[in-house]
Amino acid sequence: MLQSLYKCQINLCTKIRKTSDFVQFVSTCCGSNIPTDESKSLNDLRHRKAHGLSKETLISEVKVLKLETDTCSKVSAVVEFFQNHGFSATQVKKIIRQRPKLLASKVDKTLKPKLKFLQSIGFSEDECSMIISRKPGILCSSVEKQLAPSFDSLKTFMGSRVRALAAIKRFPQILFSNVSHSWKQTVQVLGQIGIPDSQVSEFIQKSPIILSTNPRKMREVGSKLKKMGFDVTSPAFRRAFSAMSILSHSNLERKLETYRRLGFSDGEILNMFRSQPNIMFFAEENIRTVVGFYVDRLHFSLSILSKRPNFLVCSLKRRLIPRCSVMQVLWSRGIISEIGKLYTMFWISEKDFLQKYVTKYEAEVPELQAAYRGEVMFDEYSFHLHEIRQMSMSKGSSPETAA
């Protein structure tokens, strides 16, 4: 098998003379760099791990694909297809992880028709790559028997093509639902729960997952949320309904237990969930990491976080650390002496933050752009947001308003 894979790699590399991470990843999947000595073995192992593939995973994928030398000629066409249609390396990794047999598929027969269908109904190239990477099964479905009928039914139910497209972007799995069959049950159950008729269409448009949710579970979820004190006409009820429809009971309990172990009381968790239901969408490790950032590095108390649960849905990598890094640079250079409420600094739009704290000072402080890109990590300077918080408190603000 190794010899066959080695020949496959030679064939692939002959047809594709590029060095992008994406090609390296696909080459790895096809058995690249079969080593003959210990040194090369170590380099190969590091290369595979860098792409998230262990030796065992690679072998198992190869066995599933049953790749032979002639099959690998198809792989190069698949590589070119994804590259030419704007898929990122991360998106392709996700697709191949979930559907490894796509590497040996026929581009003209399997891949192109599905992409062409998505584009024909109104999605851009970027939107197509996003949708397919989230639900690669689309590439294995029949346009005539599954995708087109589902879209037509969804468009009829939603009342417009634009609303149907919005529903698919939020929940691509809806293309696998029998919308014409499920929407009547869904409307009936929502009415039983107490959703006004005037809000049903918008409710489903913004939470299309419920079209694939078991009616009995929908009733159970609606009943639980009303017992928790949710107003069925509020946006928070819809978000909470979506969260609890997606999560299994055991998964929800694990997330609740994670918050408990971090020190939140059941009452605080309930209030947080009522205010910001999306706190239950995150993996347990992400929950621990974000809470730890606020508590250990920004010196927030759990009490403050429980009253400001919106803090917990901020992206650590894309929002919190870049903004804190920028503020550190400005503070360390003496550009600013205070930043006001941290809540405002975290929640203003990207455009406003850039204008107020980056663009305004970048000529004077060139490293601001590097800080915003994450190249200057938070805590490399002596500045700590805790100092500003204490300074604000000394001017008469309470601990909670200072945050």
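Author: In this predicted model, helix H17 passes helix H19 in a left-handed crossing. H17 covers residues 284–297 and H19 covers residues 316–332; they pack at an angle of about 10°, with their axes 12 Å apart. Because angles under 35 degrees count as roughly parallel, H17 is roughly parallel to H19.

On the H17 side, the contact is made by Thr289, Phe293 and Tyr294, and on the H19 side by Leu316, Leu320, Ile321 and Cys324. Sorted by type, the residues of this contact are six nonpolar, one polar and no charged. H19 has 13 of its 17 residues buried, so it is largely enclosed by the rest of the structure. Just after H19, Gly334 takes a positive phi of about 75°.

Now the rings. The count of aromatic pairs comes to 16. In one of them, Phe293 and Tyr294 have ring centres 6.0 Å apart and planes at 80°; planes over 60 degrees apart count as edge-to-face, so this pair is edge-to-face. Phe293 counts as buried at 3% relative accessibility, and Tyr294 counts as buried at 0%.

Tyr294 also pairs with Phe311: the ring centres are 5.4 Å apart and the planes stand at 45°, so this pair is tilted. The pair links distant parts of the chain, since Tyr294 is in H17 whereas Phe311 is in the loop between helix H18 (302–307) and H19, 17 residues apart. Both Tyr294 and Phe311 are buried. These residues belong to one aromatic cluster, formed by Phe293, Tyr294, Phe300, Phe311 and Phe346.

Key:
Residues are numbered from 1 along each chain as its sequence is written. This is a predicted model: local features need pLDDT of at least 70, side-chain atom pairs count only at pLDDT 80 or more; totals for chains, interfaces and linings use all residues. Side-chain values use heavy atoms; hydrogens and water are left out. Axes are lines fitted to C-alpha atoms, for helices over the stretch in contact, and angles run from 0 to 180 degrees between N-to-C directions. Helices (H or I, at least four residues) and strands (E, at least two) are DSSP runs, numbered from the N terminus. Angles under 35 degrees count as roughly parallel, over 145 as roughly antiparallel, 65 to 115 as roughly perpendicular and the rest as oblique. A crossing is left-handed if the near helix is turned anticlockwise from the far one by less than a right angle, and right-handed if clockwise. Contact means heavy atoms within 4.5 Å. Ala, Val, Leu, Ile, Met, Phe, Trp, Tyr, Cys and Pro count as nonpolar, Asp, Glu, Lys and Arg as charged, and the others, Gly among them, as polar. Buried means under 20% relative accessible area, exposed over 50%, partly exposed in between (1.4 Å probe, protein chains only). Rings of Phe, Tyr and Trp (its six-membered ring) pair if their centres lie within 6.5 Å; planes under 30 degrees apart count as stacked, over 60 as edge-to-face and the rest as tilted.
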